[in-house]
Amino acid sequence: MTSGIASEKKILFAAAISIGLICALPHFLIPLLTPPNVPYVPMLKKVITAVNEDEITLAPLMNRSLRDVVVAREGFLFEHRNTPTPREWLPYIMVGLLRVCAGSLEKVFFLGDLVFPPLLFLALYSFLFKLTQDRIFSIFTSVFVLFLSDIMEFLPIKSGGELKSLFLWLSSFSSPPPFLLTRFPTPELTGIFLWTAFLFLFKFFESPTKGRVFFLGVNWGLLFYMYTYYWEFFTGGCL
């Protein structure tokens with residue numbers, strides 16, 4: 001029994017390390033595989049919605065955070081550039097602080113993709129393990145949610161052309177990373193707080209101690225400043 005638990009923990013550790021390497025590897029490979037005159041922009045080029053790409057949404061907010069560091073200001077409207085941003089601001093302040101520590105935005109993206117996807121995986125795993133008490137199921141389900149859920153949009157594969165599209169998408173370095181749940185900083189960073197909030201919620205229902213109430217309250221409150229939709233979903237679910 002003990003040896004089985006030890007083996008499952010080794011699988012968990014190996015999965016977390018592998019996820020970090022998979023997400024950070026494109027930051028090494030893309031500059032090597034692209035022509036020298038093509039600048040590397042570590043932004044997600046894949047269209048999130050019809051009018052939403054990272055270069056026109058996240059980039060302005062990150063630009064302000066890099067300049068202001070600990071003050072989140074409006075990143076889109078020039079005439080309101082000195083007013084506080086109406087959007088969630090905490091992730092971008094964290095990006096600004098990471099940039100001060102790392103020295104460049106490229107290093108921030110590399111460190112973010114190396115560290116935060118494993119933490120997101122572990123947060124999701126902890127929540128699922130709390131529900132199921134099954135380590136192997138929780139590990140593989142967490143991997144599926146982080147990576148394979150994006151593949152579902154290609155299924156069912158009915159032709160060779162659709163299969164080719166899937167392989168081209170998986171091997172494409174033109175839009176790193178192809179998996180939306182490893183998009184920095186949202187939901188790669190902010191999602192950690194969402195799943196830990198659910199974990200603390202279940203721990204609270206299991207045994208409502210003062211410590212669990214405190215951590216649940218803090219995490220719940222941070223969701224509003226991390227990503228407002230998370231706070232709405234979590235609050236609505238609790239009500």
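The structure is a predicted model, in which local features need pLDDT of at least 70, side-chain atom pairs count only at pLDDT 80 or more, and totals for chains, interfaces and linings use all residues. Residues are numbered from 1 along each chain as its sequence is written, and side-chain values use heavy atoms, with hydrogens and water left out. Helices are DSSP runs of H or I with at least four residues, numbered from the N terminus.

**Helix 4**

- Helix 4 covers residues 90-102, a run of 13 residues. Its span from first to last C-alpha is 18 Å, close to the expected 18 Å, where the expected value is 1.5 Å times one less than the number of residues.
- Its buried residues are Leu90, Pro91, Tyr92, Ile93, Val95, Gly96 and Ala102; buried means under 20% relative accessible area, exposed over 50% and partly exposed in between, with a 1.4 Å probe and protein chains only.

**Nonpolar core**

- The largest nonpolar core contains 31 residues, and Phe121 and Leu223 have the most contacts inside it. Such a core is a set of buried Ala, Val, Leu, Ile, Met, Phe, Trp, Tyr and Cys residues joined through side-chain atoms within 4.5 Å.
- At least two residues of this core come from each of helix 1 (2-24), helix 4, helix 5 (105-132), helix 6 (135-146), helix 8 (190-206), helix 9 (210-226) and helix 10 (228-238). Helix 5 supplies the largest share, eight residues.
- Leu223 is in contact (heavy atoms within 4.5 Å) with Phe193, Leu194, Ala197, Thr228, Tyr230, Trp231 and Phe234, not counting residues up to four places away in sequence.

- Ser142 lies in helix 6 and is buried, at a relative accessible area of 0%. Its side chain reaches the backbone nitrogen of Tyr125 at 3.3 Å.
- Beyond four places in sequence, Ser142 touches Phe121, Leu124, Tyr125 and Leu128.
- Asp113, in helix 5, is buried with a relative accessible area of 3%. Leaving aside neighbours within four places in sequence, Asp113 contacts Gly20, Cys23, Ala24, His27, Thr182, Phe184 and Glu188.

**Cysteines**

- The count of disulfides is zero, a disulfide being a pair of cysteine sulfur atoms within 2.5 Å.
- Cys101 is exposed at 70% relative accessibility, whereas Cys238 is partly exposed at 32%.

Methods. Polar contact = N/O pair within 3.5 Å; in protein donor to acceptor, adjacent residues only side chain to side chain.
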